[in-house]
2 protein chains.
Amino acid sequence: VAEVDILKIDKSKNQTLKDKITEEIPLTIYLNKKELLTLLCSPDSLKELSIGFLYSSGLLKSAADIKKITIDSQNWVSYVELKSGDINTQQVFKRLYTSGCGRGTIFYNALDFMHKKRLARDFKISPAKITELMHVFQKKSIIFKETGGVHSAALANGDEILIFKEDIGRHSALDKVIGEALIKKLHTGSLMTLTSGRISSEIVLKAQKIGSPVVISRSAPTDQAIKMAEACNMTLVGFARGKRMNIYTVKERIITSE
Amino acid sequence: VAEVDILKIDKSKNQTLKDKITEEIPLTIYLNKKELLTLLCSPDSLKELSIGFLYSSGLLKSAADIKKITIDSQNWVSYVELKSGDINTQQVFKRLYTSGCGRGTIFYNALDFMHKKRLARDFKISPAKITELMHVFQKKSIIFKETGGVHSAALANGDEILIFKEDIGRHSALDKVIGEALIKKLHTGSLMTLTSGRISSEIVLKAQKIGSPVVISRSAPTDQAIKMAEACNMTLVGFARGKRMNIYTVKERIITSE
């Protein structure tokens, strides 16, 4: 967190004071010694972000594909070396282009999307548990967020949050979580994805890549996200605030009394 | 706005009902008959979005560079033909890659950034006027936003909002506004940029491209955005809520009584 001088204007008085500001750094990722791209992100968990980003962009199958990863935090560069030296950069560019951009992904790789493993049908969760998890998720955000400018993402099992990350971008926050899950070799097929931001189709795609059967947000999903979730049997929970929530898809995973 | 069946869970009762959902469509932009990229966006103002996106990506100098633009709203394709047929796609890809991504831009094109025209020093605005404009901005958002999943952006002079657009992405919302300003040939050098989202360096870059001297948001800026704004003499106003606001840079443009 950086500090800057601001002029604070209120009804009656103006004052100059120090304010805490979210840091934003440019992380350039080199893949097998070739510059791949630069992400603007928060300066923590850069190893996790690199791995998570490469994984959700389809460039890694698992953390085991990586030979070596070095973070130069003086110059904000991440050097990733894969065991396999061959990468189709043309394909990579096309992919990242559509799916890597915060503007969102599309069905460009619909086939790729549909060929992925099926999401666990038998995973169940109660509304009370969702309320509890989202309460903890929110509290974590409040503790970490001194600046008002951060998104958060998490992976949780039926009982607790296992990984929690923050970033200025909601996609990078989720990539950091995914990266750590890969490093820790967690069985993500039985973990739910929590996000502070809206559920766009790109968030669904990332959750689907790790086999997460349920995505929960305080915020709204888009219609494209709902269509994609429907297509891959993912449960989408939106507007999860207090004891209220909306279930958009695959309602069977939610244990309701009725 | 699309409609879907949802399961609404509340403390006491669960009910199935129809809910309104933000639409998200994949818009593929062809530049001189060559596929450039696909943006996920809300399905309105696609012409404005195409022009604004190409402009803020550095591919257009003005709307006059365009020979013809056709929107195929059956297949969500935008065909843009420029008067000049020559485009350095390699450069384009590099550019879009870093600056087009929602993940944000970086100083990759710092030189390009610094070479732009200087922002008007003599533009002044009072906190009371900012409060009033943001009140109108918020109200417009509330009217249009039935779904809870939309960002908005606007251009305003010292008196009123001239252009207002919404999109699922805050970058595309601003690109739509920029596109319409170019079509209408507005003198953007004396207009302020209003955004519903956080002020990242990419938002500053877009505002700087059109020469907008002041950027205002209800939300927080990042430290990189503050550095960039400082470097190009742009006034950043964050946390503009009611009569309160924080001025981060070039405070001289704000008329304070003290």
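**Figure 1. Salt bridges across the whole predicted model.** In this predicted model, a search over all chains identifies 26 salt bridges. Two of these criteria-based pairs are found across the interface of chain A and chain B. A network of salt bridges links Asp44(A), Asp167(A) and Lys176(A).

Figure 2. A salt bridge joins Lys227(B) to Asp223(B), with 3.6 Å between the closest N and O atoms.

**Figure 3. Close-up of the salt bridge between Asp10(B) and Arg244(A)**. The N to O distance of this pair is 3.7 Å. The pair crosses between chains: Asp10(B) lies in the loop between E1 and strand E2 (14-21) of chain B, and Arg244(A) lies in strand E12 of chain A. Asp10(B) has a relative accessible area of 25% and is partly exposed. Arg244(A), with a relative accessible area of 46%, is also partly exposed.

**Figure 4. Close-up of the salt bridge between Asp10(A) and Arg244(B)**. The closest N and O atoms of Asp10(A) and Arg244(B) are 3.7 Å apart. Strand E1 (residues 2-9) of chain A gives seven residues to the side of chain A that touches chain B, the largest share. That side of chain A is made up of 31 nonpolar, 21 polar and 19 charged residues.

**Figure 5. Strand pairing and contacts between chain A and chain B**. Strand E12 (residues 244-247) of chain A runs antiparallel to strand E1 (residues 2-9) of chain B, and three bridges join the two strands. Within this region, Ile247(A) stands opposite Leu7(B) in E1(B). Over the interface, 71 residues of chain A are in contact with 71 residues of chain B. The area buried between the chains is about 5,600 Å², and carbon and sulfur atoms give 54% of this area. Between chain A and chain B, 22 residue pairs are in polar contact, both residues being at pLDDT 80 or more.

Notes
Residues numbered from 1 in each chain as written. Chains lettered and ligands numbered in written order. Predicted model: local features only at pLDDT ≥ 70, side-chain atom pairs only at ≥ 80, totals over all residues. Heavy atoms only, no water. Contact = heavy atoms within 4.5 Å. Buried area = accessible area lost by both parts, 1.4 Å probe. Salt bridge = Lys/Arg side-chain N within 4 Å of Asp/Glu carboxyl O. Polar contact = N/O pair within 3.5 Å; in protein donor to acceptor, adjacent residues only side chain to side chain. Helix = DSSP H or I, 4+ residues; strand = E, 2+ residues; numbered from the N terminus. Nonpolar A, V, L, I, M, F, W, Y, C, P; charged D, E, K, R; others polar. Pairing = 2+ DSSP bridges. Buried < 20%, exposed > 50% of the residue type's maximum accessible area, 1.4 Å probe, protein only.
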